[in-house]
Amino acid sequence: MAESGAAKAWILAFLLMAGLGIGTLVGVGCLVGANTCPGKSRPKQTSTDGKVLYLANCAACHGIDGRGSRGPSLVQGALGSLPTDDLIHKIGKGKPLAGMPRFSKELDEGQIRAVAAYVVSLRGGS
Ligand code: HEC
């Protein structure tokens, strides 16, 4: 039985150290304001300019011109003829499982509206 007692002590010690380690990481992260700090949301975006918001939030996946890269093109095909109201709805909801973030918390309604209008304006040339 002495052996299993020692094993238990090791497991306890391990859990303690692991807990301390994670606690320290999170604690230091929060102290320096890293975004690994739980509960810390990204700084609120204040721009209401559709283009600025699009470039900051969408261009990385949908391309600067909306023609798509990681994400599908927003200016051609099925999405290219989506009415603005549907765009607004889809941007807010996202498709988290498919890699499309939801923006309903990130952006307010007016900002989403502005982004949607900017996406529609990108279709002009295509
Ligand atoms: C991290 C990458 C990423 C970012 C950032 C991103 N998207 Fe997407 N988006 C995707 C992917 C991937 C899909 C395809 C999802 C699927 O398979 O249906 C998608 C789909 C969409 C759709 C179609 C959704 C549907 O229901 O069919 C719209 C509209 C859209 N994105 C607009 C935007 C806009 C506008 C922004 C910026 C506010 C944005 N996306 C930011 C990756 C991204």
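Which residues is Val119 in contact with, leaving aside its neighbours within four places in sequence? They are Tyr54, Gly66, Leu74 and Leu87, where contact means that two C-beta atoms, placed from the backbone, lie within 7 Å.

The model is predicted: local features need pLDDT of at least 70, side-chain atom pairs count only at pLDDT 80 or more, and totals for chains, interfaces and linings use all residues. Residues are numbered from 1 along each chain as its sequence is written.

**View 1. Overall fold of the protein.** The protein has five helices and zero strands, and its elements run α-α-α-α-α from the N terminus on. Helices (H or I, at least four residues) and strands (E, at least two) are DSSP runs, numbered from the N terminus. Of the 126 residues, 16% are buried; a residue is buried if 20 or more other C-beta atoms lie within 10 Å of its own, exposed if 12 or fewer, and partly exposed in between, with C-beta atoms placed from the backbone. Among contacts with a separation of 6 or more, 51% join residues 24 or more positions apart.

View 2. The shell around the ligand holds 21 residues, of which Cys58, Cys61, Gly71, Ala98 and Met100 come nearest. A residue is near a molecule or strand if its C-beta atom, placed from the backbone, lies within 6 Å of it. By class, the shell has 14 nonpolar, four polar and three charged residues. Here Ala, Val, Leu, Ile, Met, Phe, Trp, Tyr, Cys and Pro count as nonpolar, Asp, Glu, Lys and Arg as charged, and the others, Gly among them, as polar. At least two shell residues come from each of helix 3 (59-62), helix 4 (84-93) and helix 5 (109-122).

**View 3. Leu53 and the buried face of helix 2.** Leu53 lies in helix 2, residues 50-57. Leu53 counts as buried because 21 other C-beta atoms lie within 10 Å. Not counting residues up to four places away in sequence, Leu53 touches Gln45, Ser47, Leu107, Gln111, Ala114 and Val115. Leu53 and Leu107 are 54 residues apart along the chain, with their C-alpha atoms separated by 9.0 Å. The buried residues of helix 2 are Gly50, Leu53, Tyr54 and Asn57. Seen down the axis of helix 2, these residues fall within an arc of 100°, so they line one face of the helix; the arc is that of the directions from the helix axis to the C-beta atoms. They pack against helix 3 and helix 5.

**View 4. Helix 5 and the largest nonpolar core.** In the largest nonpolar core, of 15 residues, Leu53, Tyr54, Ile91, Ile112, Val115, Ala116 and Val119 touch the most other members. Helix 2, helix 4 and helix 5 each give two or more residues to this core, and helix 5 provides the largest share, six residues. Such a core is a set of buried Ala, Val, Leu, Ile, Met, Phe, Trp, Tyr and Cys residues joined through C-beta atoms within 7 Å. Buried residues in helix 5 are Gln111, Ile112, Ala114, Val115, Ala116, Val119 and Leu122. The buried residues of helix 5 pack against helix 2 and helix 4.

**View 5. Pro83 in a loop.** Pro83 lies in the loop between helix 3 and helix 4. Pro83 counts as exposed because it has 10 C-beta neighbours inside 10 Å. Pro83 and Ala117, 34 residues apart in sequence, are 9.9 Å apart in space, C-alpha to C-alpha.
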